[in-house]
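Work through the exercises below with the sequence and the model at hand. Each task is followed by a solution in steps.

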Amino acid sequence: MMRWLGRLAALLVAALLLLAMQWSTPLYDEMIAPIPAYGQIGDTVAARKFTIRIETIQFARQLRFEAYGKEEVRDTSGLWAVVTATLGAQSETTTVNDAYWEGPTGLLYSHSNRLSGVRPLLAGALLQPGLPRRGWFIFEIREDQARGATFVAPNAGLIPLDSIVRVRLGAGGDGALPILDSLDLDRTPGTIE
């Protein structure tokens, strides 16, 4: 009888150990997930292939810019988030094809494709080592996703075990968010030339 109880106890312990191993082992997607490099506005954050420094963020309900010889106006029911950044290649020519605005609730917004003709947009820009580029990432977001957001680049699903940049875009808080009625990208102080 004692042998039988000893074997049953050993079997239960083995089952518990296997169950614990199953629960604590990460999923395959987690094991090959991109490795994040964290930073805040003003920090130079280095990924494997590029560096980024986010300088400013401006919010507006309307964007104005000149494209193809005429003034263009883009309205939105939410907000335009204009992120001014400097990108640089680390050691080889590269591009940052995708960038995301991750809201505080986890909603992801890709850079807007409604702004053809705006220069210099950084999404898809060719980066050369030693030649940093300054420009914009422009997102169309819901107003409730402006506070406590994170800038994410590049696309997390591209290369397993590559690095991904996550830049915190300011703190939350309850103060008034500075929102412009209209932002002229060609005539804004600090406009990129």
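**Exercise 1. Compare the radius of gyration of the protein with that of a compact globule of 193 residues.**

Solution. The radius of gyration is taken over C-alpha atoms, and the globule rule is 2.2 Å times the number of residues to the power 0.38. For 193 residues, a compact globule would come out near 16 Å, but the protein has 23 Å. Next, take the extent: the C-alpha trace spans about 90 × 40 × 25 Å along its principal axes.

Two remarks on the model apply to every exercise. This is a predicted model, in which local features need pLDDT of at least 70 and side-chain atom pairs count only at pLDDT 80 or more, while totals for chains, interfaces and linings use all residues. Residues are numbered from 1 along each chain as its sequence is written, and side-chain values use heavy atoms, with hydrogens and water left out.

**Exercise 2. State how many helices and strands the protein has, and what share of its residues is buried.**

Solution. Helices (H or I, at least four residues) and strands (E, at least two) are DSSP runs, numbered from the N terminus. Counted in this way, there are two helices and 13 strands. For burial, the classes are buried (under 20% relative accessible area), exposed (over 50%) and partly exposed (in between), with a 1.4 Å probe and protein chains only. Buried residues make up 37% of the 193 residues.

Contacts come next; a contact means heavy atoms within 4.5 Å. Among the contacts with a separation of 6 or more, 71% are between residues 24 or more positions apart.

**Exercise 3. Find the number of aromatic pairs in the whole structure and describe the pair of W101 and F139.**

Solution. Rings of Phe, Tyr and Trp (its six-membered ring) pair if their centres lie within 6.5 Å; planes under 30 degrees apart count as stacked, over 60 as edge-to-face and the rest as tilted. The search finds four aromatic pairs. In one of them, W101 and F139 have ring centres 5.8 Å apart and planes at 55°, so the pair is tilted. W101 belongs to strand β6 (residues 100-102) and F139 to strand β9 (residues 133-141), so the pair ties together parts that are 38 residues apart in sequence. Both W101 and F139 are buried. Finally, ring pairs link F59, W101, F137, F139 and F151 into a cluster.

**Exercise 4. Is Y68 buried or exposed, and which residues does Y68 contact beyond its neighbours in sequence?**

Solution. Start with the place: Y68 lies in the loop between β3 (50-67) and β4 (70-89). Its relative accessibility is 69%, so Y68 counts as exposed. Leaving aside neighbours within four places in sequence, Y68 is in contact with S116 and G117. The C-alpha atoms of Y68 and G117 are 6.8 Å apart, although 49 residues separate the two in sequence. Then check the backbone: phi of Y68 is near 55°, a positive value in a residue other than glycine. Most residues other than glycine have a negative phi.

**Exercise 5. Name the strand that holds S110 and the residues that S110 touches.**

Solution. S110 lies in strand β7 (residues 108-110). With a relative accessible area of 36%, S110 is partly exposed. Not counting residues up to four places away in sequence, S110 touches A99, Y100 and F139.
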